[in-house]
Amino acid sequence: MKRVHTLAVLVLLSIAAAPNAQIVAQTVTLRYHWTKGESRSYRVTTRTDSTITGAPAPPGAPPGPVTVTQSMTQMLKFTADEVTTEGAVTLRQTFQSIRLDSSGPMGTVVVDSAAATTPDEPMAQGMRKLLDAMIGESVTIDMAPDGAVRRVDGASRIADKIAKIVAADPASGGAAQSLRGQLSDDALKTALEQTFPRLALPPVKGGDTWTGQLAMGNQAIGRITGRSIFTLKAIEGTPEAPLARIAIALTLHQDVVPLPSGPAGMVMTLGAAAKGVGEILFGASKGQIQTSTMKTDLPSSVVMTGPDGRPTTVDNKTTITMTMALVEK
């Protein structure tokens, strides 16, 4: 009797485990899927933590390393204006809300476009004007089903709008420089290629890998290229609605060191340990990212001429953490 009971338990366990075994063994096709007129909203937060060593201390601040934390949280709405029979899509990305948080030796500043009021500090007032100018604005993105961004249009127009605000209100200049750097068509294209990374072309199974490339550059950082290795770690959910859990390993390299810039002749060199790790949870049946995280370490050194005319080296240990989540209606 005991032997029969044990056999029955093993049979029940094998039946219960069968669906999960099927999910592990199956392959999955990874493609972004959109329907014309469909809209999806994502909350995207980018947090930058920097520890700066070697820079002159601000007035009133104690000597030693300076720690600065900045974050930007955006509510972005993506609407599919056109979808081809092959699945390529023309997306309209609309800025719905933006919140900026900054803390450092000079204090803490929070500016939220969704808030009814703004702090009284001139810098916060200037930043709020910039955010208000962006809310409701849109850019157009042409994207292939595998995530390849073919064209971005409209970001430079928003940057020009910000430039006019800066001309009328110098208090917004510092924040404007940062925002304008992110609002060129090329810079936004690079950001989108990280937000919606390239997917594997053939169907994949657990353990399969594929690669992606990115490139960025400007007068301050020179030219930096990156190589991502994507690994399908698991297929979860159900056979009807599989969820692909994808790991990301990123390496970055500074191919071209920038020329000296600014009055101090600054030259930035990216550290050899620049790298990142992340994970994507992708709903394969609906063709959409559910959640995405990426943590990137960006050590760098800046050599410049100090106030005494001698060369000065400033080391910057920066970690950028990006999180993105689909906001369900």
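Biologist: Which residues is Ser 228 in contact with, leaving aside its neighbours within four places in sequence?
Modeller: In this predicted model, Ser 228 is in contact with Trp 210, Thr 211, Gly 212, Ile 248, Ala 249 and Leu 250, once neighbours within four places in sequence are left aside.

Biologist: Where is Ser 228 found?
Modeller: Ser 228 is in strand β8, which covers residues 222-237.

Biologist: And is Ser 228 buried or exposed?
Modeller: Ser 228 has a relative accessible area of 9%, so it counts as buried, the cut-off being under 20%.

Biologist: Let's step back a bit. How many helices and strands are there in the chain?
Modeller: The chain has 5 helices and 13 strands. It has 329 residues, and 39% of them count as buried.

Biologist: What about contacts between residues at least 6 apart in sequence: how many join residues at least 24 apart?
Modeller: Among those contacts, 62% join residues at least 24 apart.

Biologist: Okay, on to the core. Which residues touch the most other members of the largest nonpolar core?
Modeller: That core has 59 residues, and Leu 30, Phe 78, Ile 246 and Phe 282 touch the most other members. Helix α2, residues 122-134, supplies the largest share of this core, with 6 residues.

Biologist: Pick Leu 30 for me. What is Leu 30 in contact with?
Modeller: Leaving aside neighbours within four places in sequence, Leu 30 is in contact with Leu 199, Ala 200, Val 204, Trp 210, Ala 244, Ile 246 and Phe 282.

Biologist: You mentioned α2. How do the axes of α2 and helix α3 cross?
Modeller: Helix α3 is residues 155-168, and the two axes come within 10 Å and cross at roughly 150°. That angle is over 145 degrees, which means α2 is roughly antiparallel to α3. The crossing of α2 and α3 is right-handed.

Biologist: Which residues meet there?
Modeller: From α2, Lys 129, Leu 130, Ala 133 and Met 134 meet Ile 158, Lys 161, Ile 162, Ile 165 and Val 166 of α3.

Biologist: Switching to strands. How do β2 and β3 pair?
Modeller: Strand β2 (residues 66-83) and strand β3 (residues 89-104) pair in the antiparallel sense over 14 bridges.

Biologist: What lies between β2 and β3?
Modeller: They form a hairpin with 5 residues between them, and Gly 87 in the turn has a positive phi of about 100°.

Biologist: Which other strands does β3 pair with?
Modeller: β3 pairs with strand β4, residues 107-112, in the antiparallel sense over 6 bridges. A hairpin joins β3 to β4 through 2 residues, and Ser 102 has Val 109 in β4 as its bridge partner. Another 6 bridges join β3 to strand β5, residues 138-143, and that pair also runs antiparallel. There, the bridge partner of Thr 90 is Asp 142 in β5.

Biologist: What does the turn between β11 and β12 hold?
Modeller: The hairpin has 4 residues between the two strands, and Gly 287 in the turn has a positive phi of about 65°.

Biologist: Nice. Now a loop: where is Ile 221, and what does it touch?
Modeller: Ile 221 is in the loop between β7 (209-218) and β8. Not counting residues up to four places away in sequence, it touches Met 216, Gln 254, Val 256, Pro 258 and Met 268. Ile 221 and Pro 258 are 37 residues apart in sequence, with 5.8 Å between their C-alpha atoms.

Biologist: Why does Ile 221 count as partly exposed?
Modeller: Because its relative accessibility is 21%, and buried means under 20% while exposed means over 50%.

Biologist: Last one: what's around Thr 305?
Modeller: Thr 305 is in strand β12, residues 288-305, and is partly exposed at 41% relative accessible area. Leaving aside neighbours within four places in sequence, Thr 305 is in contact with Ala 264 and Arg 310. Its C-alpha atom is 7.4 Å from that of Met 266, 39 residues apart along the chain.

Notes: Residues are numbered from 1 along each chain as its sequence is written. This is a predicted model: local features need pLDDT of at least 70, side-chain atom pairs count only at pLDDT 80 or more; totals for chains, interfaces and linings use all residues. Side-chain values use heavy atoms; hydrogens and water are left out. A nonpolar core is a set of buried Ala, Val, Leu, Ile, Met, Phe, Trp, Tyr and Cys residues joined through side-chain atoms within 4.5 Å. Buried means under 20% relative accessible area, exposed over 50%, partly exposed in between (1.4 Å probe, protein chains only). Contact means heavy atoms within 4.5 Å. Two strands pair if DSSP finds at least two bridges between them. Axes are lines fitted to C-alpha atoms, for helices over the stretch in contact, and angles run from 0 to 180 degrees between N-to-C directions. Angles under 35 degrees count as roughly parallel, over 145 as roughly antiparallel, 65 to 115 as roughly perpendicular and the rest as oblique. A crossing is left-handed if the near helix is turned anticlockwise from the far one by less than a right angle, and right-handed if clockwise.
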